Amino acid sequence: MSDFIAHLRKLYPSSRLYEDDARLTPYVSDGLTVFRQKPIAVVMPINNEEVVETLKICHECQVPFVARGSGTSLSGGSLPIDEGIVISLNQLNQILELDPDNRTARVQPGVINSNISVAAAPHGLYFAPDPSSQTVCTIGGNLAFNSGGAHCLKYGMTSNHILGIKVALPDGEVVELGNDSLENAGPDCVGLFVGSEGLLGIALEIQIRLLPIPESYQTLLASYDSLEAAGEAVSVVVASGILPGAMEIMDKLAIEAAEAAVSAGYPKDAEALLIVELDGESAAVEAEFIALSDAISKTGAKEVRIAQDNAERMLIWKGRKSAFSAVGRLSPDYIVQDGVVPRSRLGEALKEISRLSSEAGLRVANVFHAGDGNLHPLILFDAKQPDGLEKAEALAGKILRLCLKLGGSITGEHGVGVEKLEYMPEMFTEIDLGTFDRLRRSIDPNEISNRGKMLPGKEAPALAAHGPHPLEKAGVISRM
C-alpha cells in the first residue's frame, strides 16, 4: 500500500490528493448516510490522462476504486470501498462540444445535469432526463444508475439519451462505445454500460442527445381524499390515451414537508396530490388538455388547479422536486426506497404500504413517478432509538418484496448499490446472477471497479456454482 500511495503522490499534487481525516470525511458516504466507509485516499483528476494513469496504478497494485461525482446516490452506490480509493470526477466538468444542428453534446462526467440544459437553451434545446437532484447531480452518476426523473414517462431514462461513451476500463484501457448517430450497429455496448453502477469502468466523455424545448406546457394539479384515489386517477388518465410529459403523486406527509420547505401553495387539506403535465406543440397540448380535463373530472378530485403561467408551473415543480430533502424537516432520519410496480396496481400497492406503515409504527411519506409506477416511499425514523434503523430497514424490505409480488422491480432509478444487494436473488435467478458475474469478470477479472456493489457476494449460490449449465444438462447447448 505504501508503494501505491507513493505512485499517487507522484501523479497528484497535495491539493488534489486527500489523505488526512479532515478532507476524507466528506467522502465517507453518499446520499444513503446510514452506510459509511473511509477510503485510504481521494484523488481529483483534471484530465483523462490522470484518470487512465490512476486506473493503471490501481490495476497494478490491485487496489479497488470507486468513481464519484456529487455523491447524491441513494443506494450506497458511490460508497467508498474498504482499503480502496475514491476517484472524484467533479473537476472533469466541461461541456466539450455542443452541436445544435445534430442536436448532440459531448460532455465530461462531472458536468451538472441541469447545466447541460442551460448551455443548450440558446439553441432551443435541452437535456430531457431530470432527476430531482438535477441541480446537483452529475451526468456521470446519472449514466451509472440510469437515472430518470419526473418526465421519464414520456422521454425515457438516461439510457434513451446516450449515444456514445469514451470509457476507461478498470485496467486503464480506453475504449469507444457507440457513436454520434441515433442508429447503431452490433451489440448495444452503450446500453450495457449505462446502469452498470461503476462495475465496468469510468466514463471519460459522454455523447448525449438533446431535444427541442417544448413549445407549450399545461400543468394540472388535482387533490384527493386518499392516496389510493390519486393512484387510481393515474389509470384513468392513461386509459384516456393521453401521454403526459409527467405524472407525479405526493401524499399528505410529503405535501406537509414541501410546504414547510418552499411554500409551494399546495392544498393543505389534501390527502394526496396528482401533478400532470402536458408538453409539446401548442395545438397538440390544447387538444390533449381537453381530454385530460375530462379524464380528471371522472376521478373524484376535490380540487383542480391549472398553472396560469410559468412561475406557477415552476412553483408546483419546486415543491415536488424538493420533497426528498424537505422530509428532513419532519424526521431526524429517513430512508428513501425506490421500488416499481405495474401502473395498474398502484392503488393496491399504496394501500398495502399504508397498512405496513401502521403495522411497523413508522410514518411513510410517498412521492413517486406515477406514470411508470416508480415508488419513492420515504420511511421516517429516529436513529437515536435503539431499534430505529432496524425497524426502518425491515419496513423497507417489506415494501421491496411487495413490489416484486405485484410484478415489479426492486429499483427504478436509484440502483442496487449496497442497499438492495440481499434482494437481488429474489428478483433474478441463479442463472441470471451467474451471467451478470461472468460478464463483469470478463471486463474486470479482479473486481477492483466499485467492488461490493450491485452484485451479491460469493456467498450467493449462483456466483459460486460450477459444472454444466442447465441448458447443457437438457441437451439444448454444448461447449464443443
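Predicted model: local features only at pLDDT ≥ 70, side-chain atom pairs only at ≥ 80, totals over all residues.
**Figure 1. Overall view of the protein.** The secondary structure comprises 18 helices and 18 strands. The radius of gyration is 23 Å, close to the 23 Å that the globule rule gives for 480 residues, so the protein is as compact as a globular protein of that length. Along the principal axes, the C-alpha atoms fill a box of roughly 65 × 60 × 55 Å. Of the 480 residues, 53% are buried.

**Figure 2. A patch of negative charge on the surface.** The patch brings together Asp-387, Glu-390, Glu-393 and Glu-422. Asp-387 lies in the loop between strand 18 (374–381) and helix 14 (388–405). Its relative accessibility is 39%, so Asp-387 counts as partly exposed.

**Figure 3. Arg-103, a residue with positive phi.** Arg-103 is not a glycine, yet its phi is about 55°. The residue sits in the loop that runs between strand 5 (95–99) and strand 6 (104–107). Arg-103 counts as partly exposed because its relative accessibility is 42%.

**Figure 4. Asn-146, a residue other than glycine with positive phi.** The phi of Asn-146 is near 50°. Asn-146 belongs to the loop between helix 5 (139–145) and helix 6 (152–155). With a relative accessible area of 19%, Asn-146 is buried, because the cut-off for buried is under 20%.

Terms used:
Residues numbered from 1 in each chain as written. Heavy atoms only, no water. Patch = residues over 30% accessible without salt bridge, like charges linked within 9 Å, V, L, I, M, F, W, Y side chains within 5 Å. Areas by Shrake-Rupley, 256 points an atom, 1.4 Å probe, with all protein chains shown as cover. Salt bridge = Lys/Arg side-chain N within 4 Å of Asp/Glu carboxyl O. Lys, Arg positive; Asp, Glu negative; His and termini not counted. Charge placed at Lys NZ, Arg CZ, Asp CG, Glu CD. Helix = DSSP H or I, 4+ residues; strand = E, 2+ residues; numbered from the N terminus. Buried < 20%, exposed > 50% of the residue type's maximum accessible area, 1.4 Å probe, protein only. Rg over C-alpha atoms; globule rule 2.2 N^0.38 Å.
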